[in-house]
Each structure stands twice: as C-alpha cells, then as structure tokens.
Amino acid sequence: MWTGRGRRADGRAVRKWLAVFGSTVFLVVPGVVVGVVPWWISGWRLHAPLFGVPASRALGVLLVVLGIPVLLESFVRFALDGLGTPAPIFPTRHLVIRGPYRYVRNPIYLAGVSIILGQAGILGNLNLMAYALLVWLGMHAFVILYEEPTLRESFGAQYDGYCAAVPRWVPRRPALRLGAGSSH
C-alpha cells in the first residue's frame, strides 16, 4: 500500500487504522446493551428511588460517570495496544494489559454492567437491576467458555501470567509491573 507521499505505508500503521475503525464500529454493540436495551426496558422514566433510598440516584450517577470512560478507554487500548478489536472477528495481535486492563481482566464488561446498574439507580428501576444481572451472567459465561480459552491458546504463558496477576471481575491495584513504554 502506498501513501500519498509516495512512501510505502507501514503494515502496523494500516493494522492500527483498521483496529481503530473496527473498534469504533464495534462500539455499537455495547451501545445497544447499555443504552438502547435499558431505554427499551425503562423508557428512562424516573420512579421512586431504589429501596426508598434517595442516595441510590447519586450512586447511579457515579456508576455511569465512572463506567463510560472505562468503557471507551478499554476500546482504545484494544485498538492502539492490541492492534485489534474486542470483536472476535478481528482479535488483537498483542495481549492488552495497560490502562484499565492493569486492574481487571474484563473492564469493558464491568463498565457495561456498571452503566446499566447506574441507570437502575438513577431511574429507580428494579427491572434494570435484573437486566444487569442477566447481562453479567451472559458475559461471565462468554468469558469462561470462549474468551479465556481463546486468549490462552493465542497468548499462552503470557496470558497465564496475566491471569495470575490480574483478577477477572473485581478490580485491584496492579500486581503486574510494566516497563516504561510497554504495551503488551
């Protein structure tokens, strides 16, 4: 492939561009899961606070406000560090262990569930809480049955070490030490 300046384009640069494009397109999936379906369930109508606790609304706002940037940053890490997307049809070439992935192995899923639970808190909607549980159960099954075995097959000992150092669902301070400039 040739660039506009008559130089041959670097394959990594092309892969990175495709990864950014693919990740941007794939953002539609979590957009539906954390936005469209909750709207369909709730109509985003405000009800009494969950369990009669007004602070549930503030907690809901906090979960949404924290979840959105984690979700977006996780997608960016897939594209820029992993040179791929979260979609199985265009997987990463490198194991992604920077950004939110230093604290938890599944930040996209965790952020998505947080955003749904946040909407439940803001709107006072128990149906959204039930939906969040169903989404998490589906994600957990996907992680156990497909994602982890696929990553183990693709990255071997590197993934095993990552799993030993970083929890699947509950974030914690990173035990994984990365050198300066390391992306994988």
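Arg105 sits in the loop between α3 and α4, where helices are DSSP runs of H or I with at least four residues, strands are E runs of at least two, and both are numbered from the N terminus. The side chain of Arg105 gets to the backbone oxygen of Cys163 at 3.2 Å. Setting aside neighbours within four places in sequence, Arg105 is in contact with Glu148, Tyr159, Tyr162, Cys163, Val166, Pro167 and Arg168; contact here means heavy atoms within 4.5 Å.

The model is predicted, so to speak of local features takes a pLDDT of at least 70, and side-chain atom pairs count only at pLDDT 80 or more, while totals for chains, interfaces and linings use all residues. Residues are numbered from 1 along each chain as its sequence is written, and side-chain values use heavy atoms, with hydrogens and water left out.

As for the overall picture, the protein has 5 helices and 0 strands, giving the pattern α-α-α-α-α along the sequence. Of its 184 residues, 38% count as buried. Among contacts with a separation of 6 or more, 71% come from residues 24 or more positions apart.

Next comes the pairing of α4 (residues 107-123) with α5 (residues 126-165), which pack at about 175 degrees with their axes 9 Å apart. Axes are lines fitted to C-alpha atoms, for helices over the stretch in contact, and angles run from 0 to 180 degrees between N-to-C directions. Residues making the contact include Tyr109 and Leu123 of α4 and Trp136 and Glu147 of α5.

The largest nonpolar core holds 26 residues, and Ile108 and Tyr162 touch the most other members. Such a core is a set of buried Ala, Val, Leu, Ile, Met, Phe, Trp, Tyr and Cys residues joined through side-chain atoms within 4.5 Å. Helices α3 (55-80), α4 and α5 each supply at least two residues, and α5 gives the largest share, 10 residues.

Finally, Asn125 lies in the loop between α4 and α5 and, at 6% relative accessibility, counts as buried. Its side chain reaches the backbone nitrogen of Asn127 at 2.8 Å. Beyond neighbours within four places in sequence, Asn125 is in contact with Ser42, His47, Leu50 and Ala120.

Key: Buried means under 20% relative accessible area, exposed over 50%, partly exposed in between (1.4 Å probe, protein chains only). A polar contact is a pair of N or O atoms within 3.5 Å; within protein, one must be able to donate a hydrogen and the other to accept it, and residues adjacent in sequence count only if both atoms are side-chain atoms.
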